[in-house]
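Please walk me through this structure in the viewer, one selection after another. Tell me what to pick and what to look for at each stop.

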Amino acid sequence: MAATKYDVLIIGSGASGATTARQLTKKGIKCLMLDAGPAFDYEKDRVLRPVYDLPYRGFGKPGRFPHVTQANEFTAALWADEKENPYSYPANDPYYWVRIRRIGGKTLVWGRASWRLSDLEFKAKDHDGFGDNWPLAYADLAPYYDQAEPLLRVSGRKEGWAQLPDGIFLPDESKDSQATARFITAATKRGIPTTKQRRAQGTLASSANLILPDALATGNLTIVPNAVVREVMVDKATGLVDGVNFVDRHSKRELHAKARVVVVGASCLESTRILLNSGVANSSGVLGRYLFDQFYVKNTVQAIVPEARGGRPAAGMVGGTGYIPRFTNLKGKDKDYIRGYAVDFGSGGTPEPKYFPAYGEELQKAIANHTGAGFNATTMGSVLPRFENHVTIDKKTVDAWGIPSLHIEARYTDNELKMAKDAMNTLAELCEASGFELLEKHDKMVPPGESIHELGTCRMGENPKASVLNKWNQSHDVKNLFVVDGSSFVTGGSQNPTLTITALAMRASDYMAEEMRKGNL
Amino acid sequence: MRRRGFVGTLAAIPAAIPALSAQEFPKLEFAVPDAGAEPTPKFFSKPQFAALKKLGDLILPSINGTPGALEARAPEFLDFLLGESPADRQKLYRDGLDTLNAQSRRTFNKAFDGLDATQSDHVLAPLHKSWNYAEPADAVGAFLRAAKADFLAATVNSREWIAVVSQRSRNASGTGIYWKPVE
């Protein structure tokens, strides 16, 4: 069978790869999608099982996922195996690289929070002087956010805030519980805004059910699972990429696929790894540089809603969630750090047993007495993109297919530490003002990477000497090479990135299609 | 000749594997190993395991007919789990249990599993401290923090616990969505 040469070869089936496929195939462009993971049947490959029938009673096999705190014994098969997919980091600076290798990628289990960035992020340097601006503005991306939100079925409430632009939402008219309303009132009195969550809705909100079916329906998309990409290949005569080499995950057979255009959307660090292993798109020397994410302080505050004690809170007393968008340094610098943080908060949960200084019957009584009486809030802070936070190829560490992996160096610095401390103190103050009893407050950030919001390392920019991609997610060096995932970000703010990744992939795809139509690609 | 042989092999394969009817392959009932056997602890030493059982009974005793750690076989399960765990976790547990026994002998002249309620409460004083994100400075404090969490999870995730609690509450099914491994 002679191999077909496709118009566009797309690496990855997550938010960015699937979106690119959808946009291009609808315009009649023939696409080949390679994904390192297997296909699966969402109905048949997931079953209800009692926890006691699992080999480790829900604990999971010890040591299997030392860097994936999200994994449990129910979901163990979902996460990329760390032994098959090793990587390295400096001894005292762990990086938690969390990956999923299945059709749909991390959209199979993402948190679904869908927030737009604003010009506080796109033009961050203009605002506070640090780092670089994006080579595009909010107005450039807004029309694509308008398409991405309905595609992902995002619900939310419009607020009219400049730092968190409104979108095309399924309306959220849910009422706040008394406890949540008290917290909102306390925040409002201090000039701290709050809103409803903006989230993708539905039983499953994945590229596998929301995006890829549209692309397949055109008849223009071919998806090949279990294709572990080794490298992007360059035609030495033209300097253009002409395809990729990949390894069949099962047989380890080596294959080559050709295309006019190659789109890399394998997830932030996997994309950069592929490019570094390929030795392309790095005339600037910044490929792999400016790694950042959002720092998380999980359960920054854990409190009790006192009147909800007793084990059966009255209807309407507790429950519901909300969100505090960035509210610091909006018009200048009003803190001892730059940029800001966001907060997820909610009431109605039961605090974990560890919060109660007791054991035995006393502990069980405390848990019963506080069932549903909890309030907690988690901080998600902006991390500054720094040149020194970077990835390189670690030739000594290879995956199960013999492909060199990454050495990852990332550290949080004073700006993030000060931000986390401010968030802790602010949230503790709000809890007190709300009449909640604080069980614990802290500012201990999870290790870099654990938020699964890794960004940068293949960033956009106007200057080809200081960036890898132009404003269309197109390589400065190789015009038929595009990188469409979170690696292209210049800054990230405190907003979850998937919505912006989707919008960027749409925008890049429209440009790509037009350039192909003109014969420029 | 070789080609003909290959084609002949292909021809011998039926077009489709005929499906067996339910009568030809009836659904068989199976049991889990614990239904007909007792777990055999092997990771901890006898004094360590005795202390572990005592600790489990103190952290989560049987209350009002709800199985406690002992009824849930949580000590036996943790013996298995720790035997599979990374070395630093194994050391935390072994050293922690040894320390409980040593403190008990030093203060009360007997092993931890022989202490009465007042005496064991004295040894378990770290569990009365408020929890915070700072790691306890002393090894036994860190061990007790880990053991408390592990005993609670090992118990509430047990067949014995869920069988009782699910009778009282529809929300306590103890089930979750399991993602099957995909080849």
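Start by selecting strand 14 of chain A, residues 374–382. In this predicted model, eight of the nine residues of strand 14 are buried, so the strand is mostly covered. A residue counts as buried here if 20 or more other C-beta atoms lie within 10 Å of its own.

Strand 11 of chain A, residues 294–304, is joined to strand 14 by eight bridges, and the two run antiparallel. To see one facing pair, pick A:Gln302 and A:Asn376, which stand opposite each other. Strand 13 of chain A also runs antiparallel to strand 14, with eight bridges between them. Here the pair to pick is A:Phe345 and A:Ala377. Strands of a sheet pair through backbone hydrogen bonds, either parallel or antiparallel.

Next, select helix 5 of chain A, residues 178–189. Its 12 residues reach 17 Å from the first C-alpha to the last, close to the 16 Å expected at 1.5 Å a residue. Which residues of helix 5 are buried? They are A:Ala179, A:Thr180, A:Arg182, A:Phe183, A:Ile184 and A:Ala187. An α-helix has 3.6 residues a turn, so residues three or four places apart point the same way. Just after helix 5, look at A:Gly191, which takes a positive phi of about 75 degrees.

Move on to another sheet in chain A. Three strands in the order 5-4-6 form an open sheet with mixed pairing. Strand 5 (170–171) and strand 6 (199–200) are at the edges with a single partner strand each, so one side of each has no neighbour in the sheet. Strand 4, residues 154–156, runs antiparallel to strand 6 and is joined to it by two bridges. In this pairing A:Val154 stands opposite A:Ala200.

Last, show both chains. The contact takes 34 residues from chain A and 37 residues from chain B. On the chain A side, strand 3 (46–50) and helix 9 (360–369) each supply at least two residues. Which element of chain A gives the most to this side? Strand 3 does, with five residues. By class, the chain A side has 18 nonpolar, six polar and 10 charged residues. Strand 3 of chain A also pairs across the contact: five bridges join it to strand 1 of chain B, residues 175–179, and the two run antiparallel. Finish on A:Val47, which stands opposite B:Tyr178.

Methods:
Residues numbered from 1 in each chain as written. Chains lettered and ligands numbered in written order. Predicted model: local features only at pLDDT ≥ 70, side-chain atom pairs only at ≥ 80, totals over all residues. Helix = DSSP H or I, 4+ residues; strand = E, 2+ residues; numbered from the N terminus. Expected span 1.5 Å × (residues − 1). Buried ≥ 20, exposed ≤ 12 C-beta atoms within 10 Å, placed from the backbone. Contact = placed C-beta atoms within 7 Å. Pairing = 2+ DSSP bridges. Nonpolar A, V, L, I, M, F, W, Y, C, P; charged D, E, K, R; others polar.
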